[in-house]
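Here is a short briefing to read alongside the model on your screen. Have the sequence and the 3D view open together as you go through the points.

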Amino acid sequence: MMALLPWGVSKTKRTVHESVGGPSTFEDLALPLLPALYNVASWLSRNATDAEDLVQETFLKALRGFDSFEPGSNFKAWIFRILRNTYLTSRTGLRAQRTVSLDEQLEEQRDFGPAIYPEAAIDRSTPEINLILSADRAALHDAMEKLPAPLLEVILMCDVEEMKYKEIASVLDLPIGTVMSRIARARAALRKSLEAVTALNRESRA
Amino acid sequence: MTTHLSATVLNALVDGELPVEQFAATKQHLDQCPSCTSSALSQALLKTATARAGQRYTLPPQLQERLRRITSSQELHTPLDRHDSSAKIWTMRRIASLALPIAAVLLLLVSSSLLMQRYGKNSERASIEQAALVAQILDLHIATLASDQPPEVISSDRHTVKPWFQGKLPFSFNLPENLPADTHLEGANLTYLHNRAVAQLLYSIGRHRVSVFIQERSQTSTTQNPQQAEHSGFHVTGFDTSDLEVTAISDVDPSRLAGLVRAIEEAQTKH
């Protein structure tokens, strides 16, 4: 569980020694992550005003709790965890949690077994590869917007933020196995959405 | 070769998360299985496309500047700043030895400028903190409204609710004996604001629900309790005493909310 953040105003000038490189202040560590925090906050809240509130609240919580940050540990995972916890207690976060269906939660328990791909000769122009190559950014945006929040956050951290499974598990407070199954489900859902778009385009051309 | 690589293995492969020993076995399988090689290529392409599409929102410059100022405003309290101030005072003394009246005027100007600068930065930070406080209070209130769980203490009796907090909070407060018309105490929760233990009193005014958050006044906090604020259709109001910060939120008519807050404020002066 995340360490409790002390209420008192922290000292931004307190330095921590990162595992690589020299000592860093809160400013050094947090300001470069603002664009990434805002991007993820915007995806999750789907609203510019809520995203600004979310980033600001996260930033202030991190600033206050900087004394509890363990030097040498992963600051990015730490601050993303604050963002995620803040999001969960926000209005949009509560709404998103309520809209995750029971089926989706049960599906999480399912093991992604072997042999899900049909046998085929190696081909760099399979329908699946063509589908992804032909998908434009707008189609991918639509597909990502359709993902339920638990799948969206995991794919943002994995693909966009390039976090390791272990870091994602720490941010989301989940076992690594659940992170892996969510990533698999998220990518399967993205592919399914893209297939639907391609089928629609094909029908409209016919 | 009948068993293909699972989606989990393919994902771990493109995410660079396969353990070394599994990577060797996977590579051997891919060398012999065109189907899985196509699937791995497809996964890698999807990952790259998602990474590109996911970089969608640009941080507004004004937000970046606002947050940057928050960190820099705290530098005013650092020892480095005191060293700078000492240097300025030493310079002033040198000037004073040459022309005392001019130095006095200059000193006044510099002090005013420093005070204004500090006041400006602190007041900006306070207003941002206040907005964050209001947003968090709104989230807690909505979470309470949305919850199926009853309050941790269910009682309309102030003599039951107040003692319930003994040992749970590092401070105490009074509850009003007489409430405005159609206003009832419903219960209370122990909750957290900025990770500090806080009393959340639950009242009803007619059919409207009200949350009143009572917390210990922080010596270090620059946050001023909002006298009147609006957020997403909810009204927020409150007051500070020397020991407590009290903030109430509801969608009820602001004058009726103010009546309840006034009753709570008056109760704090009684013993």
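Strand 6 (residues 234-240) and strand 7 (residues 244-250) of chain B form a hairpin with 3 residues between them. Helices (H or I, at least four residues) and strands (E, at least two) are DSSP runs, numbered from the N terminus. This is a predicted model, in which local features need pLDDT of at least 70, side-chain atom pairs count only at pLDDT 80 or more, and totals for chains, interfaces and linings use all residues. Residues are numbered from 1 along each chain as its sequence is written, while chains are lettered from A and ligands numbered from 1 in the order in which they are written.

**Hairpins and sheet of chain B**

- Strand 6 and strand 7 of chain B run antiparallel and are joined by 6 bridges; two strands count as paired if DSSP finds at least two bridges between them.
- Strands of a sheet pair through backbone hydrogen bonds, either parallel or antiparallel.

**Chain B as a whole**

- Chain B has 8 helices and 7 strands.
- Of its 271 residues, 29% count as buried, meaning that 20 or more other C-beta atoms lie within 10 Å of the residue's own C-beta atom, placed from the backbone (12 or fewer is exposed, and in between is partly exposed).

**Helix 2 of chain A**

- Helix 2 (residues 34-45) of chain A has 12 residues that should span 16 Å at 1.5 Å a residue, and its end C-alpha atoms are 16 Å apart, which agrees; the expected span is 1.5 Å times one less than the number of residues.
- This helix is largely enclosed by the rest of the structure, because 9 of its 12 residues are buried, including Leu37(A), Ala41(A) and Trp43(A).
- Arg46(A) follows helix 2 of chain A and has a positive phi, near 60°.

**The nonpolar core**

- The largest nonpolar core has 95 residues, and those with the most contacts inside it are Ala41(A), Ile79(A), Leu83(A), Val154(A), Val212(B) and Ile214(B).
- A nonpolar core is a set of buried Ala, Val, Leu, Ile, Met, Phe, Trp, Tyr and Cys residues joined through C-beta atoms within 7 Å.
- Helix 9 (residues 149-160) of chain A gives the most to this core, with 9 residues.

**Helix packing between the chains**

- Helix 9 of chain A and helix 3 (residues 34-54) of chain B pack at an angle of about 100°, with their axes 9 Å apart.
- That makes the two helices roughly perpendicular, a term for angles of 65 to 115 degrees.

Conventions
Axes are lines fitted to C-alpha atoms, for helices over the stretch in contact, and angles run from 0 to 180 degrees between N-to-C directions. Angles under 35 degrees count as roughly parallel, over 145 as roughly antiparallel, 65 to 115 as roughly perpendicular and the rest as oblique.
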